[in-house]
Amino acid sequence: MKTRKHFAIALVVMVMAAGTALAGTIRHDRDDNDYLTLGAGYDNVGFIVVNTPTASYRGSGTLIAPNWVLTAGHMVDNITSSTVTFGSTEYTAESWKAHSKWSGDLLNGNDIALIKLTEDVDGIGVAQRYTGSDELGRIGTAVGYGISGTGLSGADTDADDDRLRAGENVIDAYYGRNRKKTPKIFLSDFDNPNNPGDSAYGDDAPLDLEYLIAPGDSGGPVFIDIGGESLLAGVNSFGASFDGITNSDYGDVSGHTRVSQFNSWIDDILAGGGGGGKGGGRGG
C-alpha cells in the first residue's frame, strides 16, 4: 500500500463563494449523465447557503432527522444565517452547532456540524447513519453540489449547471495525526485510468464512476453499502494534492470526517443535549 503523507502542502476546504458554479469532478471517459442519475437518488442531500458578516458561501448537507442537517464544521464558521434547499423547497436555519473540538484545523478531524431548521422537511426520508467502524476498503458514494469538471481539467468554474451529482471512490486510508488515537478522517484518491502513477493510496485502478469532491461539496455525505442498505459514513471536509495545485483533478485526494466517530455527539444534540458543541447562533 502506498503511504504518501505530505498532502497538507496544498490543503483546501470544499466550500465556495455563493453565486459561482455547482458538483464534483468525474472521469473524462465517462458520460456525465451517469453521475447525474446516481445523484438523483439522494434527495436527502441539500444545498446549503450560509451568510457571514462579510460574504456568502455554499455547500452541501444531509438530512438525518426531520429538521436536522449534518454538514461540515467549517460550513458554520462565523455564520449569521443559513438556508438549506431540498428539491425546490428552501428551508431556513434556526440554529447551528459545530463540534466543540472544531478549531479550523482540517487535519484534526473534527470538521462536523449540525444545522437545525425552523420546520420539518416534508416528503423526504432521512439518511441512516453508519454505526460501525470498518469503512476502510469499502466503496463510498460521495454526493454534493460542488463544481463539476473532469479528472483531466479539474474543477471547472464554467461548469455552472446547479445540479446534484454523485460518484464512487474506494475509502483508501484513515488519517490521524496522533497514532495512539482512533483516526477521525478517511481518505480517497482520484485514480487516473490513463496513468496509474497518479494513484496516491490503495489500488491504482479507478472505479467505473470514479469521482472526487470539489468546492461546493463541503458538508455533503459519503454513503457506504452495508447489507444492501445505504448508510451515511462520511462528511465531505477537504481536498488535498501532491502537486501543489488542489483542483480535484486526477491524483488529488479527498478527506472526509468519519461519522462513526461522532454518533454519540450527534445523538446527544438530536435529543436536546448540549453535545459539546459551539457556535449555536440563531438564523435571521
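The structure is a predicted model, in which local features need pLDDT of at least 70 and side-chain atom pairs count only at pLDDT 80 or more, while totals for chains, interfaces and linings use all residues. Residues are numbered from 1 along each chain as its sequence is written, and side-chain values use heavy atoms, with hydrogens and water left out.

Of its 284 residues, 52% count as buried, where buried means under 20% relative accessible area, exposed means over 50%, and partly exposed lies in between (1.4 Å probe, protein chains only). The protein exposes about 11,300 Å², and carbon and sulfur atoms supply 46% of that area. Such areas come from the Shrake-Rupley method with a 1.4 Å probe, and for residues only the protein chains shown count as cover.

How far can the model be trusted? The mean pLDDT is 89, and 87% of the residues reach 70 or more; pLDDT is the predictor's confidence in each residue, from 0 to 100. Over residues 15-22, though, the pLDDT is below 50, and this stretch has 41 contacts in the model beyond near neighbours in sequence, a contact being heavy atoms within 4.5 Å. Where pLDDT is low, the predicted coordinates should not be read in detail.

Back to E9, which spans residues 113-117 and is mostly covered, with four of its five residues buried. Strands E6 (residues 68-71) and E9 pair in the antiparallel sense over four bridges, and Leu70 has Leu114 of E9 as its bridge partner. Strand E8 (residues 89-99) also runs antiparallel to E9, and five bridges join them. Two strands are said to pair if DSSP finds at least two bridges between them.

Lys116 counts as partly exposed, at 24% relative accessibility. A salt bridge here is a side-chain nitrogen of Lys or Arg within 4 Å of a carboxyl oxygen of Asp or Glu.

The whole structure holds nine salt bridges. One of them joins Arg30 to Asp29, the closest N and O atoms being 3.6 Å apart. Both ends are partly exposed, Arg30 at 28% relative accessibility and Asp29 at 34%. These two residues belong to a salt-bridge network that links Arg27, Asp29, Arg30 and Asp208. Another salt bridge ties Arg138 to Asp134, again with closest N and O atoms 3.6 Å apart; Arg138 is partly exposed at 27%, and so is Asp134 at 42%.

The loop between E8 and E9 holds Asp111, a buried residue with a relative accessible area of 0%. Its side chain makes a polar contact of 2.8 Å with the side chain of His74. Polar contacts are pairs of N or O atoms within 3.5 Å; within protein, one must be able to donate a hydrogen and the other to accept it, and residues adjacent in sequence count only if both atoms are side-chain atoms. Leaving aside neighbours within four places in sequence, Asp111 has contacts that include Thr71, Trp102, Val235 and Thr257.

Technical notes:
Helices (H or I, at least four residues) and strands (E, at least two) are DSSP runs, numbered from the N terminus.
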